[in-house]
Amino acid sequence: MQNSLKIVCNDSLQMNAAALLVQKAANFKSSIYIIRDQRRANAKSLLGIMSLGIAENVELDLEAEGEDANEALNALAEILKG
């Protein structure tokens, strides 16, 4: 099962917020990706997330595939929305 969600990030993603996002993503069994401008990063990778350069009011896509995909998307969207 694959699901996706489009959100607008309210704040720029700083290191501590990115670390929180990675920690939250690691709690899920699903494969989770954050997509920005055709670039895709594993949500369980701090370096990958930081490489996206997520700034304020940036539109992101979240994708998850696995048994807990919906829960993962909802949890990560809450963090990214601020």
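Hi everyone, here is a short tour of a few local features in this model. The model is predicted, with local features needing pLDDT of at least 70, side-chain atom pairs counting only at pLDDT 80 or more, and totals for chains, interfaces and linings using all residues. Residues are numbered from 1 along each chain as its sequence is written, and side-chain values use heavy atoms, leaving out hydrogens and water.

Let's begin with F28. It is found in the loop between α1 (15-26) and β2 (31-36); helices (H or I, at least four residues) and strands (E, at least two) are DSSP runs, numbered from the N terminus. Is F28 buried or exposed? F28 counts as buried, because its relative accessibility is 13%, where buried means under 20% relative accessible area, exposed over 50%, and partly exposed in between (1.4 Å probe, protein chains only). Beyond its neighbours within four places in sequence, F28 is in contact with K44, D68, E71, A72 and A75, contact meaning heavy atoms within 4.5 Å. From C-alpha to C-alpha, F28 and G66 are 9.0 Å apart in space, yet 38 residues apart in sequence.

Now for the backbone. Most residues other than glycine have a negative phi. Here, Q38 has a positive phi near 70°, and N57 has a positive one near 60°. Q38 is in the loop between β2 and β3 (39-42), and at 81% relative accessibility it counts as exposed. N57 belongs to the loop between α2 and β4 (58-65) and is exposed too, with a relative accessible area of 54%.
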